[in-house]
Structures are given as C-alpha cells and as structure tokens.
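Let's walk through this one together, from the inside out.

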Amino acid sequence: MRKPIIAGNWKMHQTPAQAKALAQEIRAGLNQTVLSEREVILCPPFVDLTVVEEAVRGSGIGLGAQNFYPKEEGAFTGEISAPMLKELGVTYVIIGHSERRQHFREDDDFVNQKVLSALKNGLKPILCVGERLDEMEANLTEKRIETQLTGGLKDVSPEGLSSMVVAYEPVWAIGTGKNATPRQARDVHRFIRGWIAAKFGEGPADRLRIQYGGSVKAENAASLLTQPDIDGALVGGASLSADSFLAIVKY
Ligand code: PEP
C-alpha cells in the first residue's frame, strides 16, 4: 500500500517571516491521524528552510528543498550542496522541475547528476517529468516522458529508486489553471509505472510513488488523487495558502 505524498512547492515566494507563519498555520491544521495517512512535505526557498524546520519540528511534516547543486563543496558561487541541506533537516529535494528545465536550461544529463548526488548524500529525489503543450498536441507525451526517465534515472539502482518519488507534471498545466483530466493523468501515471516495471522490476514499480502536479486545487484534488496509480500531488500555487493546501492534503 503506497502512502500518498503531498508536497507544497512554494517556488520563489515567502520571506522567512511569511514562511514561518504559513508553516505554523499548516502545522496547526494537521493532526496525527491525517499525518498517519498522508505524507506531507513543505518545500520553501532555501532561505526559509531553517524557520520552516523549526515550525514543523516534531510534527511529522517533512522538509524538502526546491533545488541544489550536485557537488559536495567547492568554488560554485551562489550554489547550495546536498550536505548543507541535510544538516538543516531537509529530507526531500525536487529535481528536474519544468521551471528549472525551461529558465535554467537544465537537461536530463544534469538532472541525472542531481539524482545521483542526492541519493549518494541521503536526500530523497522528487524527479519531475512532463511534456510541453506542443508535445502533448503532437501525441509525443509518452516519448517525452520516456526520454526524461531514461536520462534522469541513468545508473540509478533499484535500491536508489526505492527512496525516490516521481512527479508527473504536464508543463502546460503548471501555474496555468489548466489541469490534466483525471483520465489523462491516470493514463500517463500508468505508463510511467509500466516503464519503471520494465526497467526495475514489478516490485520496485509497485512501491514507487508517482505524484501528479499541475494546477492541483482543493476543487480538483479528490478527482485526480483517487485515480489508480496517482499517489499524491506536487502543489505549487495552491500550497501558498494554508486553507487550500490543507484541503488538498485532506482530499
Ligand atoms: C509545481 O510548481 O510543481 C506546480 C504544479 O505548480 P501549480 O500547482 O501552481 O500548477
């Protein structure tokens, strides 16, 4: 039985004071019963990690980072390493988000370096894959996702995969208010699990959690997240309000 995982990606929002207040509000809205049924992860900007960690400490809510640089230390001005994140209490890290692929030109090879570095340093990667609108319209969704999975998971062992999460996020649905229909999302999730089964075996594929992301809101959460093969959500915009995020967690 896969425990659903709901992660809030706060992107470049929330000053430390705002982040503290939001994390406290989310914590106050979750009890142990909910947290025994759902894994909840907050992914604030780097500068907010410490205050958010303090706000959720002891609650069972997890901490994720939105990015890192895949070297342990060195002359990489402005970058943050996996060991630095670990020391702050971070357990998950988002890798391959479409905004990083688009605005920062991160390709599958770099995504793979991050996946391998995260695993080596004991961080759990949330590997994001998803097709652009033109690819979806040209029926290239599966091809695109297969390329991203092949590249992103290169040299990952079945043991490594067991601490990973995959997030299917159609690029055309991120921050646009358009979401995949439950059926569209279900079909792609099924494709991803089948691909994982062919490469890693049925057991690892069965245990892998695959989140849906792309304009998930309180209103559409239940219809998406109750689909077979959808094991939670990666939530952007709606994770910036405690009310909407909590409603999604409790879908
Ligand atoms: C995201 O950033 O991963 C995302 C899915 O954003 P939104 O929910 O705003 O579409």
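This is a predicted model: local features need pLDDT of at least 70, side-chain atom pairs count only at pLDDT 80 or more; totals for chains, interfaces and linings use all residues.

Start with the interior. In soluble globular proteins, nonpolar side chains tend to be buried together. Here the largest nonpolar core has 66 residues, and the members touching the most others are Ile26, Leu30, Leu42, Leu153, Ile192, Ile196 and Tyr212. Helix H10, residues 182–200, is the top contributor to this core, with 8 residues. Take Ile196: leaving aside residues up to four places away in sequence, its contacts are Leu153, Leu161, Gly201, Ala205 and Leu208. There's also a second, separate core of 11 residues, with Ala7, Cys43, Ile126 and Val165 among them.

Now for the helix pair. The axes of H1 (residues 16–28) and H13 (residues 242–249) come within 10 Å and cross at roughly 40°, so the two helices are oblique to each other. Their crossing is right-handed. On the H1 side, Leu22, Glu25 and Ile26 make the contact, and on the H13 side it's Ala242, Phe245 and Leu246. By type, that's 5 nonpolar residues, no polar ones and 1 charged.

Finally, have a look at the backbone. Most residues other than glycine have a negative phi. Lys11 isn't a glycine, yet its phi is positive, about 50°. You'll find Lys11 in the loop between strand S1 (5–9) and H1. Arg105, also not a glycine, has a positive phi of about 55°, and sits in the loop between H5 (98–103) and H6 (108–120).

Key. Residues are numbered from 1 along each chain as its sequence is written. Side-chain values use heavy atoms; hydrogens and water are left out. A nonpolar core is a set of buried Ala, Val, Leu, Ile, Met, Phe, Trp, Tyr and Cys residues joined through side-chain atoms within 4.5 Å. Buried means under 20% relative accessible area, exposed over 50%, partly exposed in between (1.4 Å probe, protein chains only). Helices (H or I, at least four residues) and strands (E, at least two) are DSSP runs, numbered from the N terminus. Contact means heavy atoms within 4.5 Å. Axes are lines fitted to C-alpha atoms, for helices over the stretch in contact, and angles run from 0 to 180 degrees between N-to-C directions. Angles under 35 degrees count as roughly parallel, over 145 as roughly antiparallel, 65 to 115 as roughly perpendicular and the rest as oblique. A crossing is left-handed if the near helix is turned anticlockwise from the far one by less than a right angle, and right-handed if clockwise. Ala, Val, Leu, Ile, Met, Phe, Trp, Tyr, Cys and Pro count as nonpolar, Asp, Glu, Lys and Arg as charged, and the others, Gly among them, as polar.
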